[in-house]
Amino acid sequence: MSQKIKKVVIAGGGTSGWCTAVALSRQLGTLLDITLIESAEIGTVGVGEATFPTICSFHKIHGIDEQEFLSATLGSIKLGISFENWARKGDRYIHPFGSFGKASWIGDFYHYWLAAKARGYEGELEDTCFELQAAKAHKFSITENPKLNYAYHFDASLYAKFLRRLSEEKGVRRVEGKIVQVKQHADSGFIEYVVLESGACIEGDLFIDCTGFRGLLIEETLKAGYEKWGHWLRNDSAVALQTEFSGDIPPYTRAIAHDSGWQWKIPLQHRQGTGHVYSSAYISDEAARNTLLENLDGDIRAELRLLKFNTGRRKQAWVKNCVAIGLAGGFVEPLESTSIHLIQIGVSRLLQLFPFEGCNEHLIRRYNKMSHAEYENVRDFIILHYKATERDDTPYWRDCRDMTIPDSLAERIELFKQTGHVHHETNEVFGVTSWLQVMIGQRITPQGYSHFPHVISDEQIVAGLMSMKSKIAKTLEKIPSHADFLKSYCAVK
């Protein structure tokens, strides 16, 4: 066990560094001395402008005002993700952040729809999801009954600046500079201090590695190891840029499948972020760049950036007195907007297991076990999108369709195929609705379903589905467009 933790050093800024700083300072600020080291010369990856609904809880817990945040980051609302051309060219479905109907203790609501469908009902399951219908209608409002589940789109660089201000207000000290050396204790191997290019030494009891893919502390110094997942998640590159955006603002991210990867489109109040994620084994960087440029909606606002990455995770996210947060801990590509979620859940987990009395091996083991499970659940959900395709028009999609997948994912798919049941772990971020909508949206058809809905008549089941569809439609008539909501709630000042 190390000494009691008083001095915390965060190595690196950006979203991961400042999320960590704002959380620690707002929850434990009076107990800790927090220093963040970052260099203005080191750029951030910055592809994470779309998020998952857990960010709303993170903000609420740490007292972050939503209107102030959205205005400061030029943000917009996200109700889900539109997937286009994934199972087949021309297909489109939305993965919403809401639920379908209302579940009971005996089973999930979608079994009512499966029961009706087996009797010839032609209505769609998506008719019963308020968030999905609001996304299609480009509408949004903060309502309590029914309550919409949502996330955000925002400018990631402005988000880091916003969090920096909040952190510094709570006493976080920012030091400008590059880390050139990491000094370890001769016997324990614990990090004692880091040396900056200026010669300054920054001592700490606990170090948070937010240095990105490099993992300056967790990997280059402590040799945590990295588990690569490229055999499942083939994409290793992205080209990204910003474009002008005008007109109606859709409250969803678009994920459009191309021949050797996919393109994101993320609408903000003032522009659109877009990029092409691809595998360099199937397409050259130049060809990928051309694919992106051929599929733009507006004039280019910022220089195109090329990014390279290895999907996977650090074998140990916490080693000795160092915890890796964000890209230093792992990366599972941006398809379901989990990058910022993984940052914030990692910080939240650290708060819950904070080593006040020192870096106890049992705390470290528990943290790493929870981190491993989180990454693996996200990994499996992302792999599902690639495995569940019928496309055979390019080598990329054929290889995705035919690849061997983790047993944990294969079991989920087979369970749904054969019985109609969706398996969901208690603490995983993606719930039943997420797994269900991706599987159905990508043409995985269940052979059966739970028959508990048949305790009522087929007519009653259909009547209930139709009533729910009607109520959602009537509610949508009363709420404003997404664009009008943004103007009244969080317009840029």
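A charge sits over a ring if NZ of Lys or CZ of Arg is within 6 Å of the ring centre and within 35 degrees of the ring normal. This is a predicted model in which local features need pLDDT of at least 70 and side-chain atom pairs count only at pLDDT 80 or more, while totals for chains, interfaces and linings use all residues. Residues are numbered from 1 along each chain as its sequence is written, and side-chain values use heavy atoms, with hydrogens and water left out.

**View A. Arginine charges over aromatic rings.** Arg349 places its charged end over the ring of Tyr367, 5.5 Å from the ring centre. The charged end of Arg379 sits over the ring of Trp229, at 5.0 Å from its centre.

**View B. Aromatic pairs.** The whole structure holds 27 aromatic pairs (ring centres of Phe, Tyr or the six-membered ring of Trp within 6.5 Å; planes under 30 degrees apart are stacked, over 60 edge-to-face, the rest tilted). Phe83 and Trp86 are edge-to-face, because their ring centres lie 5.8 Å apart with planes at 80°. Both Phe83 and Trp86 are buried (under 20% relative accessible area; exposed is over 50%, partly exposed in between; 1.4 Å probe, protein chains only).

**View C. An aromatic cluster.** One cluster includes Phe69, Phe140, Phe154, Tyr159 and Tyr489. The rings of Phe154 and Tyr159 have centres 4.5 Å apart and planes at 45°, so this pair is tilted. Phe154 is buried at 0% relative accessible area, and Tyr159 is buried at 0% relative accessibility.

**View D. Strand 13 and its partners.** Strands are DSSP runs (E, at least two residues) numbered from the N terminus, and two strands pair if DSSP finds at least two bridges between them. Strand 13 (residues 237–243) pairs antiparallel with strand 16 (residues 272–278) over seven bridges, with Gln242 opposite Gly273.

Notes. Helices (H or I, at least four residues) and strands (E, at least two) are DSSP runs, numbered from the N terminus.
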